Amino acid sequence: MHLGLYTAPLHDRPLAEALDVVAGCGLDAVELNTGGFLPAAHIPVEELDADPSRAAEWLATFEGTGVSLQGLNCNGNPLHPDPRTGQRHAEDLRRSIRVAGALGQTRVVCMSGLPAAEPGGGQPAWVVNAWSSRALDVLEHQWEVAAAFWTEIDALAAAHGVTVALELHPQNLVFNPPSFLELIERTSATQLGVELDASHLFWQQMDPVQVVRRLGRHVVHAAAKDVRVNPEAAWCGVLDNSFRRLGPDEDRTQIGAEEFANEWPQDSAWDFVALGRGHDAEYWAEFLAALHAVDPGMAVQIEHEDTSLGAVEGVRESSAVLLDAAGRAGLR
């Protein structure tokens, strides 16, 4: 089993320096961003796509570091109805799959995406609770859009020897195990699996360990990210929209055409936290053991989004808990 880091929090430094941080934390793998919501800061993805013969030369970057490349990440919304976002994210995903094949990588992490509610709609629409018949009409339209796209992507992935690992992420059509299985049923896909990011399951009240055990072989990659549910959840629930729009003069992350990430609620129902701050090492040991039972060679990548900690500080804290958990599970 590979224990590593999705390097997004270290995008402020070159790859070589990021690898030093990863190795210094006792980890042995990285997952690199290749487009979508975030830029490809640590890999020349366009150059490798244009000239796949450069793959071996670029992979020499990892020699002697004690760290290996274990997965590419292209999280975005390839089904976004605005072509300035949807078409760009879709092409980023296609390029990521081609580059993964050139690099000998077998995993590309992404999200399923989310279409508009109806033909001609301009914004994605997430059906949270389909209690009305109209909501089921919306879902049927969205599934038709998604099935056509993911059937195409499944064929491309097969041609390049890649499995696409879908993160079960809210505000996507595929956000829990039943919706993933529905996508498989509608497409008969053979190259789609699940990237088991525990964090989004926690706040939706799912148990990641049980999800791994029930999905079994469909789980092909994993993210170690923790969540702390706060007392405010008793007041507003976990579906809280108390976000603040950031202005153009503030530091904000662009995630699409004219779309930016908002500021997190001040009194939040839940927060992303470093490993151990929401669930202890014993829980993470059980999580790793469940993943190992599915695939002993699986990569589990820390995803650091705890805003109370600096990038390196947070990676170090999470790494210590993950390595402790691996030891408790008998995997180190």
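Q: In which loop does glutamine 205 lie?
A: In this predicted model, glutamine 205 has a phi near 75°, which is a positive value in a residue other than glycine. Its relative accessible area is 60%, and because exposed means over 50%, glutamine 205 counts as exposed. As for its place in the chain, glutamine 205 lies in the loop between α7 (198-203) and α8.

Q: Is serine 188 buried or exposed?
A: Serine 188 has its place in the loop between α6 and β6, and its phi is near 55°, a positive value in a residue other than glycine. The cut-off for the exposed class is over 50% relative accessible area. Serine 188 has a relative accessible area of 57%, so the residue is exposed.

Q: At what angle do helix α5 and helix α6 pack?
A: Helix α5 (residues 133-159) and helix α6 (residues 177-187) have their axes 9 Å apart, and α5 passes α6 in a right-handed crossing. The packing angle of the two helices is about 65°.

Q: How do the residues of the contact of α5 with α6 divide into nonpolar, polar and charged?
A: From α5 the contact takes in Glu140, Trp143, Ala147, Trp150 and Thr151. These meet Ser179, Glu182, Leu183, Arg186 and Thr187 in α6. By class, the residues of this contact divide into 4 nonpolar, 3 polar and 3 charged.

Q: Which residues is histidine 141 in contact with, leaving aside its neighbours within four places in sequence?
A: Histidine 141 has its place in helix α5. Its relative accessible area is 17%, and because buried means under 20%, histidine 141 counts as buried. Once its neighbours within four places in sequence are left aside, the residues in contact with histidine 141 are Ala116, Ala117, Glu118 and Pro119.

Q: How many residues apart are lysine 225 and glutamate 303, whose pair links distant parts of the chain?
A: The side chains of lysine 225 and glutamate 303 meet in a salt bridge, with an N to O distance of 3.6 Å. Both partners fall under the 20% cut-off, so lysine 225, at 2% relative accessibility, counts as buried, and glutamate 303, with a relative accessible area of 11%, is buried too. Lysine 225 is in the loop between β7 and β8 (226-229), whereas glutamate 303 is in the loop between β12 (299-302) and α11 (311-328), which places them 78 residues apart.

Q: How far apart are the closest N and O atoms of arginine 228 and aspartate 271?
A: This pair links distant parts of the chain, with arginine 228 in strand β8 and aspartate 271 in strand β11 (residues 270-273), 43 residues apart. Arginine 228 is partly exposed, with a relative accessible area of 34%, while aspartate 271, with a relative accessible area of 15%, is buried. The two form a salt bridge in which the closest N and O atoms are apart by 3.1 Å.

Q: In which helix do arginine 328 and aspartate 324 both lie?
A: The side chains of arginine 328 and aspartate 324 meet in a salt bridge, at 3.0 Å from N to O. Arginine 328, at 46% relative accessibility, counts as partly exposed, and aspartate 324, with a relative accessible area of 33%, is also partly exposed. They are 4 residues apart, about one turn of the helix, and both lie in helix α11.

How values were computed: Residues are numbered from 1 along each chain as its sequence is written. This is a predicted model: local features need pLDDT of at least 70, side-chain atom pairs count only at pLDDT 80 or more; totals for chains, interfaces and linings use all residues. Side-chain values use heavy atoms; hydrogens and water are left out. Axes are lines fitted to C-alpha atoms, for helices over the stretch in contact, and angles run from 0 to 180 degrees between N-to-C directions. A crossing is left-handed if the near helix is turned anticlockwise from the far one by less than a right angle, and right-handed if clockwise. Contact means heavy atoms within 4.5 Å. Ala, Val, Leu, Ile, Met, Phe, Trp, Tyr, Cys and Pro count as nonpolar, Asp, Glu, Lys and Arg as charged, and the others, Gly among them, as polar. Buried means under 20% relative accessible area, exposed over 50%, partly exposed in between (1.4 Å probe, protein chains only). A salt bridge is a side-chain nitrogen of Lys or Arg within 4 Å of a carboxyl oxygen of Asp or Glu.
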